[in-house]
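This report describes one protein chain for a reader who is new to structural terms. Please consult the sequence and the structure while reading.

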Amino acid sequence: MARIKDRTEDFKDVVHRAMLSMGYSESKLAAILASFIMHKPRQRSSFTQAALKTLESIEALEKFLTKHKKDYVDLHRTTEHERDSIEQEVTAFIKACKEQIDILKNNINAEESNSKGWLGLKDDHSNADTIAHKHGVVLISSERLHTVTYQFDQLRAIRFQEAINRAIPRRKLKRVATFDSSNNSKSNNLELKEHDNSEVREPDEVQYDSIRVHQQLLDDETRALQVELTNLLDAAQETETKMVEMSALNHLMSTHVLQQAQQIEVLYEQAVEATTNVELGNKELSQAIQRNSSSRTFLLLFLFVLTFSILFLDWYN
């Protein structure tokens with residue numbers, strides 16, 4: 001049995017001499033060989049770059065929340081102004097990420113509308129697969145953003161609950177203080193009256209009675225003003241609590257709207273898949289009809305040939 005000789009080096013030498021004869025230099029040959037070994041990375045599309053940028057923004061938002069979580073929740077670490085600034089930055093982050101995701105969705109819709117041919121039918125299956133992949137990328141980005149937004153909602157709920165808990169005892173303390181002040185004023189008035197009855201009436205009794213009546217009127221006006229201010233304070237605190245609750249409900253509603261948007265995306269994907277299945281089913285039905293017609297033609301031809309063969313054999317006999 002003859003041995004097989006490896007002629008790879010001889011082939012390389014022939015190729016090298018041919019390339020030199022064609023005018024290629026040694027450096028250019030080395031660059032060509034290196035390009036065969038290490039391929040250049042493919043240039044990313046604009047959609048891929050935008051999607052990666054969106055994911056990086058969401059990761060930066062998640063790191064920012066993790067970094068400032070204790071500062072936002074703990075009352076003794078930061079002031080209300082600093083907590084408001086953290087909330088504004090997070091809200092701006094979320095808004096920017098939503099805008100980037102909306103831009104990606106609009107690009108997908110534009111590409112999908114351009115890929116449709118005559119009568120709204122899709123031309124290329126590879127293009128349809130690419131669009132489906134892009135829809136999946138947008139859905140993953142939306143889910144990541146929803147996860148980070150849900151974490152921020154939990155932190156806001158903790159802050160709002162603390163604000164409500166601080167507002168309710170404050171109102172109770174104010175009511176108790178106003179009740180004690182009214183009781184003290186009443187006790188002082190009773191002591192003044194007893195002191196006036198115990199003293200011996202002087203000749204200027206008429207002037208003293210007018211002063212006492214004036215003092216009593218001033219006390220009544222003071223108590224009325226205290227009651228009115230207390231009611232105004234209670235109303236302001238109730239309004240503040242309701243505004244905090246409305247803000248929390250508004251943010252929760254926006255979160256639920258985002259969840260519904262994601263569910264609509266899932267339903268859209270399912271509708272696209274159902275449409276594709278219906279198109280495949282129609283193709284299978286048309287192929288089955290063609291097979292049925294061809295089998296019917298073959299059966300008729302077979303019967304005709306068989307009948308002709310029997311007649312020929314009978315005539316031959």
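Are R156 and E87 buried or exposed? R156 is buried, and E87 is buried as well, where buried means under 20% relative accessible area, exposed over 50%, and partly exposed in between (1.4 Å probe, protein chains only).

## Basis of the model

The model is predicted, so local features need pLDDT of at least 70 and side-chain atom pairs count only at pLDDT 80 or more, while totals for chains, interfaces and linings use all residues. Residues are numbered from 1 along each chain as its sequence is written, and side-chain values use heavy atoms, with hydrogens and water left out.

## Overall architecture

The chain contains seven helices and zero strands. Helices (H or I, at least four residues) and strands (E, at least two) are DSSP runs, numbered from the N terminus. Of the 317 residues in the chain, 20% are buried.

A contact means heavy atoms within 4.5 Å. Among contacts between residues at least 6 apart in sequence, 76% join residues at least 24 apart.

## The nonpolar core

A nonpolar core is a set of buried Ala, Val, Leu, Ile, Met, Phe, Trp, Tyr and Cys residues joined through side-chain atoms within 4.5 Å. The largest such core has 21 residues, of which F47, L61, L65, V90, V138, L145 and F152 touch the most other members. Helix 3 (46–67), helix 5 (80–115) and helix 6 (125–198) each give two or more residues to this core.

Leaving aside residues up to four places away in sequence, L61 touches V90, F93, I94, L145 and V148.

## Salt bridges

A salt bridge is a side-chain nitrogen of Lys or Arg within 4 Å of a carboxyl oxygen of Asp or Glu. By this rule there are four salt bridges. In one of them, the side chains of R156 and E87 meet at 2.9 Å, N to O. Because R156 lies in helix 6 and E87 in helix 5, this pair ties together parts that are 69 residues apart in sequence.

Another salt bridge joins the side chains of K134 and E111 (2.6 Å, N to O). This pair links K134 in helix 6 with E111 in helix 5, 23 residues apart. K134 is buried, with a relative accessible area of 12%, whereas E111 counts as partly exposed at 25% relative accessibility.

The side chains of R144 and E62 also form a salt bridge (3.9 Å, N to O). Here R144 belongs to helix 6 and E62 to helix 3, 82 residues apart.
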